[in-house]
Every structure is written in structure tokens, then in C-alpha cells.
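Please keep the sequence and the model in view while reading.

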Amino acid sequence: MKIIKTVEEMRQYSRQCRQRGLRLACVPTMGYLHEGHASLISAARHSHDEVVTSIFVNPTQFGPHEDFERYPRDFDRDHRVVDQAGGTVIFAPSVDEMYPLGASTSIAVRGVSEPFEGAFRPGHFTGVATIVARLLLAIEPDAAFFGAKDFQQTLVIRRMVHDLGIASDVIVLSTIREADGLAKSSRNVYLTADQRHRATALYRALRAAEDAIHDGAYQKQIIDNAMHDVLRSVDGIEIDYASAADASTLATPDIFEAGARIVCLIAVRLGSTRLIDNMEFTIGMKA
Ligand code: AMP
């Protein structure tokens, strides 16, 4: 596997691939890779000759009191995961390489970035949009793969790629979960055994929303209540939000129309660890 650390080398490599007629995909990550990342890498490899996995813990998407410093990092382990998943390149630039003169330029996506995560993590999506644009300009991939685990992020990235006319397809794949339903996340290592057990409430809450929708609910409040009831029944969970929203715009009408695609979005804190999850449904039909 090839390891690339500079933007210059990355761009040269990508251009050589294109000259040889190879199709190139990228999977942007912050490392500490798990089966969720591996599923993106192997799907990307299925349809592309070369897959660049970027590993970069992006400081500009963390708030001042968030976990940038303690975010888990293990390059050797990541190398093995990428290799086993069929990745061909790791792009692992330094912070100075990505922000050589500091961070004066940023990309703010209005609208879909504002509610939910955007309200609880001011500046987060500007950091995300900026680094993803920076990576796509360096890698120039035919396609970039993202996980539905970060649902709102996928809307922000799709919008940014569309608005800036970036010539990469955005492909979103489903969330990979543990056997008990907890979405795989690099941040799960922060959880104590007890918190890990409680964390299954997110999945159970989403399933409760599904049951409510299956039973015919179309009012946002009823779907939200189904999630809140499950989350509130577990000690030590603090809810940032648990809400149904339109899956394309994140609008939150009181009533969803039959056939509407919605997403149920959850963010909670368990001690100092913040977890997010989501599921998409169609109103009036089982998911
Ligand atoms: P991260 O390293 O957490 O920034 O995630 C990098 C990419 O992997 C993002 O597109 C995430 O949405 C995706 N991802 C993270 N966890 C999962 C998961 N459990 N299933 C599928 N994709 C995931």
C-alpha cells in the first residue's frame, strides 16, 4: 500500500492514475478505523481501481472544549484495516500540510448545516466542509464515499459539492452497527462498560420511532416522544436532540405527509462522550 503525506504528491499520484485510465475513489476519515470505515473502503474498491483513504483529525471541526486532543489515533492499526479492506493508498497529511498558512479561508454551507449538530456544535460543519473541499481538491477523486452514520454531514457535503461544482460523485452508504445495534464509532472507545451498555438506548429509541411510524404516526411530536421515552428511561443519558425531520431539508413540520422521506436524528451525552445516530423512514410505510 502507498502512503502519501503531501498534497503535491497526492495530486501527482491521482493525475497519473487518471492518465492511465484508472478510476479513483476516496474515503475521508479521521482514523481509528472500524468496520464502518472498512465497509466504505471495500465498497469503494468494488467500483474503483484505486481507493485513497485519508486519515486526518481535522482541528477546525472541533469546538474549543471538544475532544480534539484526546481523539484516538493509531496509525499502525489503521494501516492494517485499510489493507484488509482493499484500500490502495493512505493519504495522511499533517495539520501544517492541510492548513499551511493557518485557517483563513473557510466554506460555510448555509441551511442544512444550521439545525441539530450545527446548533450544538457551532462552526463544526464549516470545519467539515472546508476540509472535505480541501481533500477533494488534493485527491480529485471520481467518487467520494461517506457513511449515513453522519447523516447531516452527508447533506452538507452534497450541498457543498453541488454548489462549488466539484466534479466528484458523492456516495453515501448505510451505517454499520454492533450486534446490539450501537452504531460503530471511533468514539465508542471512550465509553465505560456501563455506559456502553446504556448506549444501546440510541438504537432502541430509533426502533421505537420506527414502531410509531409503522403504527401510523405522521405527527412529529408522536415520533419524537417515542424516542424521548426510551432515552429518558435510561439513567445518565443527557439528550441534545431526538427529532424527526425531513430527510432532504431537515425541516421540522408538525405533520409529515404520507410518503414523505424523514430522518430521525439523535444526539446524546453519556458522561463526557457525545454519541449521534439516525435512521431514515418513509411516512406511512415500514422502513
Ligand atoms: P470519521 O472517521 O468518524 O470522521 O468517519 C469517516 C467516515 O466514515 C464518515 O463518512 C462517516 O460517516 C463514516 N462512518 C463512521 N462510522 C460509520 C459507521 N458505523 N457505518 C458507516 N460509516 C461510518
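Predicted model: local features only at pLDDT ≥ 70, side-chain atom pairs only at ≥ 80, totals over all residues.

In which strand is the place of Ser54? Ser54 sits in strand β3, which spans residues 50-55.

**Ser54**
- Ser54 has 1% relative accessibility and therefore counts as buried, the cut-off being under 20%.
- Beyond four places in sequence, its contacts are Val27, Pro28, Thr29, Phe91 and Leu135.

**Nonpolar cores**
- The largest nonpolar core holds 44 residues, and Val52, Phe91, Met98, Val132, Ile139, Met160 and Leu250 have the most contacts inside it.
- Elements that each supply at least two residues of this core include α1 (7-19), β2 (24-29), α7 (151-164) and β7 (237-246).
- Helix α6 gives the largest share, 10 residues.
- This core lies between domain 1 (2-173) and domain 2 (190-282), because both give residues to it.
- A second, separate core has 33 residues, among them Ala242, Ile262, Ile266 and Phe281.
- Ile139 is in contact with Met10, Ser14, Arg18, Leu24, Cys26, Val52 and Phe91, leaving aside neighbours within four places in sequence.

**Strand β8 and its partners**
- Eight of the 10 residues of β8 are buried, so the rest of the structure largely encloses this strand.
- Nine bridges pair β7 with β8 in the antiparallel sense, and Ile237 stands opposite Leu270 of β8.
- Strand β9 (residues 273-282) runs antiparallel to β8 and is joined to it by 10 bridges; Leu265 has Asn278 in β9 as its bridge partner.
- The hairpin of β8 and β9 has two residues between the strands, and Gly271 takes a positive phi near 60 degrees there.

How values were computed. Residues numbered from 1 in each chain as written. Heavy atoms only, no water. Core = buried A, V, L, I, M, F, W, Y, C linked by side-chain atoms within 4.5 Å. Buried < 20%, exposed > 50% of the residue type's maximum accessible area, 1.4 Å probe, protein only. Helix = DSSP H or I, 4+ residues; strand = E, 2+ residues; numbered from the N terminus. Domains from an automatic or database assignment. Contact = heavy atoms within 4.5 Å. Pairing = 2+ DSSP bridges.
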